[in-house]
Amino acid sequence: MMRILIINGPNLNLTGLRQPHIYGTTSFDTFLNALHQKFEAHELVYFQSNSEGELIDFLQQEIPVSDAVVINPGAYAHTSIALADALQSFAIPIVEVHLSNIYAREPFRAHSYVSAVAAGAISGLGLFGYEVAVRYLIDNFRKSTD
Ligand code: DQA
């Protein structure tokens with residue numbers, strides 16, 4: 001059993017409502033329910049905040065007691081060295097997810113501070129990206145004893 005943090009940064013609470021042509025029409029809550037069912041053998045701990053400090057506080061508290069992180073930092077991917085620092089404080093595998101293809105949009109979205117501290121990044125696969133990330137983490141980092 002793995003304990004995996006699923007973290008969403010600012011504005012991702014509006015997924016399903018905001019710019020649906022870019023971010024889709026499914027709410028994150030609906031998607032999360034399905035994700036819990038798909039990976040019911042594992043503990044998926046979800047947290048969303050619009051505040052950089054709250055995200056960092058949560059990571060500081062939860063990373064030491066968790067096995068892996070899936071994070072969509074929203075726009076903080078492009079701006080926050082502090083968030084990237086918090087993610088690399090402890091050795092834990094991290095996968096970065098973006099719903100949209102950040103390389104096909106405005107140039108300022110093409111750089112992410114989080115990518116530098118992540119095992120890998122998934123961009124442009126919509127909500128399916130989170131499922132791919134969880135699958136990758138379980139397949140590669142589950143301890144053979146559980
Ligand atoms: C996003 C991409 C970011 O550039 C943007 O600021 C977001 C959402 C995505 O999931 O595609 O808020 O992280």
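Author: **The ligand and its pocket**

The largest pocket has a volume of about 190 Å³. Of its 15 lining residues, Arg18, Tyr23, Gly74, Ala75 and Arg109 are the closest to its centre. A pocket here is an open set of points on a 1 Å grid over the protein atoms alone, where a 1.4 Å probe fits, with protein on both sides within 12 Å along at least five of seven lines; lining residues have an atom within 4 Å of a point. The volume is the space filled by probe spheres set on the points.

This is a predicted model: local features need pLDDT of at least 70, side-chain atom pairs count only at pLDDT 80 or more, and totals for chains, interfaces and linings use all residues. Residues are numbered from 1 along each chain as its sequence is written, and side-chain values use heavy atoms, without hydrogens and water.

The ligand takes up the space of this largest pocket. Around the ligand stand Arg18, Tyr23, Asn72, Gly74, Ala75, His78, His98, Leu99, Ser100, Ile102 and Arg109, each with a heavy atom within 4 Å.

Now the polar contacts (pairs of N or O atoms within 3.5 Å). A polar side-chain atom of Ser100 lies 2.6 Å from a ligand oxygen atom. For His78, a polar side-chain atom lies 2.7 Å from an oxygen atom of the ligand. Ala75 uses a backbone N or O atom, 3.2 Å from a ligand oxygen.

Terms used: Polar contact = N/O pair within 3.5 Å; in protein donor to acceptor, adjacent residues only side chain to side chain. Sits in = over half its atoms within 2 Å of the grid points.
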